[in-house]
Amino acid sequence: MTIEANISASNLSRIDTVLVEVTPPGEPPKNFRMQSTGSEIWEYAFTDYMNGTYLYTVYVNDSMPNSNLSLTDSSSGSFEMRANVSVNIVPLKSSYNGNE
C-alpha cells in the first residue's frame, strides 16, 4: 500500500523532510521517511499487513536556507487495513480408492 501526502507550499524547494508516523494496531508508532515524486506528492510504500485500524501523522519540515528558523507542520488521521485471503486446495490425483 502506498501512503501519499499532498504537500502544498509557496516554495516546495524549502521542504527538506516529510515523515509519516504510523501506529499499527496494538503496536508502538514507527516513523518512515517519505519520498518526493517531483511535485507536491510525497509517498511511502507501506508493507505492514496486520488487520485493523492504523493511526498516522505526516510531519513536514519547511526550512529556510541560511536561517535558524524552521516551520514544522503535521496532519493526522487513520486508515483501515483488511487482507482477504483465498486458499485453493487441489488433490494430487483426480480420484482415490478406499484407503488412500
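Residues are numbered from 1 along each chain as its sequence is written, and side-chain values use heavy atoms, with hydrogens and water left out.

**Overall make-up**

- The chain has seven strands and zero helices. Both are DSSP runs numbered from the N terminus: helices are H or I with at least four residues, strands are E with at least two.
- From the N terminus on, the elements run β-β-β-β-β-β-β.
- Of the 100 residues, 23% count as buried. Buried means under 20% relative accessible area, exposed means over 50%, and partly exposed lies in between (1.4 Å probe, protein chains only).
- Take the contacts between residues at least 6 apart in sequence: 58% of them join residues at least 24 apart. A contact means heavy atoms within 4.5 Å.

**Confidence**

- The mean pLDDT of the chain is 78, and 79% of its residues reach 70 or more. pLDDT is the predictor's confidence in each residue, from 0 to 100.
- Among the elements, strand E3 (residues 30–33) has the highest mean pLDDT, 93. E7 has the lowest, 65.
- Over residues 66–70 the pLDDT is below 50. Beyond near neighbours in sequence, this stretch has four contacts in the model.
- Where pLDDT is low, the predicted coordinates should not be read in detail.

**The three-strand sheet**

- An open sheet of three strands has the order E1-E5-E4, with antiparallel pairing. Two strands pair if DSSP finds at least two bridges between them.
- E1 and E4 stand at the edges with a single partner strand each, so one side of each lacks a neighbour in the sheet.
- Strand E1 (residues 2–6) is joined to strand E5 (residues 41–45) by five bridges, and the two run antiparallel.
- E1 has a covered face, Ile3 and Ala5. Its uncovered face holds Thr2, Glu4 and Asn6.
- In a regular strand the side chains alternate between the two faces of the sheet.
- Strand E4 (residues 35–36) pairs with E5 in the antiparallel sense over two bridges. Trp42 in E5 is the bridge partner of Ser36.
- E4 and E5 form a hairpin with four residues between them. In the turn, Gly38 has a positive phi of about 100°.

**The nonpolar core**

- The largest nonpolar core has 16 residues; Val18, Val22, Met34 and Phe46 touch the most other members. Such a core is a set of buried Ala, Val, Leu, Ile, Met, Phe, Trp, Tyr and Cys residues joined through side-chain atoms within 4.5 Å.
- E1, strand E2 (15–23), strand E6 (52–63) and strand E7 (70–81) each supply at least two residues of this core. The largest share, four residues, comes from E2.
- Phe46 touches Met1, Ile3, Val22, Phe32, Tyr54, Phe79 and Met81, not counting residues up to four places away in sequence.
- In soluble globular proteins, nonpolar side chains tend to be buried together.

**Ser78**

- Ser78 lies in strand E7. Ser78 is partly exposed, with a relative accessible area of 46%.
- Leaving aside neighbours within four places in sequence, Ser78 is in contact with Thr53, Tyr54, Leu55 and Tyr56.
- Ser78 and Thr57 are 21 residues apart in sequence and 8.5 Å apart in space, C-alpha to C-alpha.

**The salt bridge**

- A search of the whole structure finds one salt bridge. The term means a side-chain nitrogen of Lys or Arg within 4 Å of a carboxyl oxygen of Asp or Glu.
- Glu27 forms a salt bridge with Lys30, and the closest N and O atoms are 3.2 Å apart.
- Glu27 is partly exposed at 28% relative accessible area, and Lys30 is partly exposed at 34%.

Definitions and conventions
Predicted model: local features only at pLDDT ≥ 70, side-chain atom pairs only at ≥ 80, totals over all residues.
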